[in-house]
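Thanks for asking me to take a look at this one.

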Amino acid sequence: MAIVNGNYAKLQDSYLFTDIAKRVAAFTAAHPEKKIIKMGIGDVTLPLAPCVVDAMKKAVEELGHKETFRGYGPEQGYEFLHEAIQKYYARHGVKLDTKDIFISDGAKSDCGNITDLFEDTNVVLVPNPVYPVYADTNVMRGRKILYMNGTPQNHFLPMPDDSVKADIIYLCSPNNPTGAVYTREQLEKWVAYARKNDAIILYDAAYEAFITDPSIPRSIFAIPGARECAIEFCSFSKTAGFTGTRCGYTVVPQELVRRTPDGKELHLNTMWLRRQTTKFNGVNYFVQRGAEAAMSVLGEKQCGDMLDYYRENARIMMRTFDKKGYTYFGGVHSPYVWMQCPKGMKSWDYFDYLLNKLAIVGTPGSGFGSMGEGYLRLTAFGSREGTIEAMKRIEKDSL
Ligand code: MLT
């Protein structure tokens with residue numbers, strides 16, 4: 001008899017964004033005349049950068065000719081993309097070896113798949129509120145999860161507590177959902193904690209390109225000692241508009257070593273290579289060529305213009321909230337504005353209010369964890385017109 005994984009019964013019925021999509025679909029069916037403005041899921045709206053499109057077209061053309069056709073590529077990605085990422089990191093002051101870099105279809109998959117490398121007895125430390133993937137993928141494995149609270153007092157940046165013993169720590173900076181960003185000093189404390197406890201930091205840097213202050217690290221590997229205690233996930237989704245195109249990467253330093261239950265030392269880089277070559281067949285050649293272009297100096301400039309557009313959307317939102325006297329976080333080194341629901345409303349109540357009264361879709365903060373209750377996340381990834389129109393509706397509204 002096949003027995004299914006009972007841990008799935010411990011999960012909520014559906015994934016947060018699936019739940020929201022269902023509610024929005026029901027609203028649209030009931031009110032087809034209303035013009036909905038979607039500021040919920042962090043999905044980009046600008047087209048791919050011209051140099052990315054050119055690189056992809058050229059690569060597709062290559063696939064159409066016998067001499068340049070390619071079949072299976074390396075599961076961990078092509079060397080040309082490893083080198084492009086290595087140069088991008090170097091331009092931002094971080095040295096990587098190309099063998100540290102693994103290309104994938106996105107940071108979400110890797111954040112979940114990395115759990116394969118760890119015994120289920122590990123204790124996992126996760127911020128609350130947090131991107132639901134970190135907690136859910138560990139619930140699926142039946143691991144013990146400890147939460148560290150993000151609050152307005154700690155600016156939604158929980159710090160290590162020596163009385164808490166964790167083996168695996170998820171950090172996300174710039175943070176999804178709160179938009180908060182760890183400083184260098186704060187990340188140094190996390191690296192010190194991980195080294196002292198032989199823990200591993202799983203660092204989600206998917207929003208690193210939104211950082212504009214050069215004193216704020218864009219990578220955990222900007223911190224000395226991180227190569228022995230951290231893995232970093234990154235993505236072209238937000239940096240280069242690849243949410244639909246799909247491409248990301250994970251950096252697993254070759255120095256990172258931990259023991260098996262019977263004391264054998266294993267390199268996590270070798271384990272991840274083994275895992276990926278067994279369960280993954282790599283990303284499309286032309287997508288990797290597009291990603292390579294995005295990492296070039298020209299690509300960084302063209303993608304940077306896209307990020308500027310989204311940054312301006314965030315500023316438009318923040319100006320409206322300032323006028324209304326709302327409390328909010330994020331929005332500066334992040335495409336997310338994390339607002340306190342007006343008049344002490346609960347997250348889902350305010351979500352429903354915005355949807356039904358103003359036809360605006362946000363993401364209820366409580367969907368990211370209990371500490372998100374009373375907050376709502378709005379994304380700046382929409383169009384300029386949509387953002388302005390949504391803010392006009394909020395400004396005119398009596399709440
Ligand atoms: C979000 O809205 O939190 C993100 O778009 C989800 C993701 O990147 O998977």
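This is a predicted model: local features need pLDDT of at least 70, side-chain atom pairs count only at pLDDT 80 or more; totals for chains, interfaces and linings use all residues.

1. Cysteines. If you were hoping for a disulfide, the count is zero. Take Cys172: its closest cysteine sulfur is the one in Cys111, and at 8.0 Å that is too far for a bond, because a disulfide needs the two sulfurs within 2.5 Å. Cys172 is also buried, with 2% relative accessibility. Cys341 is buried as well, its relative accessible area being 5%.

2. Aromatic pairs, part one. The structure has 27 aromatic pairs. One of them joins Phe17 and Phe368, edge-to-face, with 6.4 Å from centre to centre and 65 degrees between the planes. Phe17 belongs to helix H1 (residues 16-30), while Phe368 is in the loop between strand E14 (363-364) and strand E15 (375-379), so this pair ties together parts of the chain 351 residues apart in sequence.

3. Aromatic pairs, part two. Tyr336 and Phe381 are worth a click too: their ring centres lie 6.3 Å apart with the planes at 85 degrees, so this pair is edge-to-face. It links distant parts of the chain, with Tyr336 in strand E12 (residues 336-340) and Phe381 in the loop between E15 and helix H12 (384-396), 45 residues apart. Tyr336 is buried at 1% relative accessibility, and Phe381 is buried at 0%.

4. Charges over rings. Arg23 lies over the face of Trp348, 3.9 Å from the ring centre. Arg70 does likewise with Tyr78, at 5.1 Å from the ring centre.

5. Helix packing. Two packed helices are described by the angle between their axes and the distance between those axes. For helix H2 (residues 50-63) and helix H9 (residues 285-295), the angle is about 150 degrees and the axes are 8 Å apart. That makes H2 roughly antiparallel to H9, since angles over 145 degrees count that way. The crossing of H2 and H9 is right-handed.

Definitions and conventions
Residues are numbered from 1 along each chain as its sequence is written. Side-chain values use heavy atoms; hydrogens and water are left out. Buried means under 20% relative accessible area, exposed over 50%, partly exposed in between (1.4 Å probe, protein chains only). Rings of Phe, Tyr and Trp (its six-membered ring) pair if their centres lie within 6.5 Å; planes under 30 degrees apart count as stacked, over 60 as edge-to-face and the rest as tilted. Helices (H or I, at least four residues) and strands (E, at least two) are DSSP runs, numbered from the N terminus. A charge sits over a ring if NZ of Lys or CZ of Arg is within 6 Å of the ring centre and within 35 degrees of the ring normal. Axes are lines fitted to C-alpha atoms, for helices over the stretch in contact, and angles run from 0 to 180 degrees between N-to-C directions. Angles under 35 degrees count as roughly parallel, over 145 as roughly antiparallel, 65 to 115 as roughly perpendicular and the rest as oblique. A crossing is left-handed if the near helix is turned anticlockwise from the far one by less than a right angle, and right-handed if clockwise.
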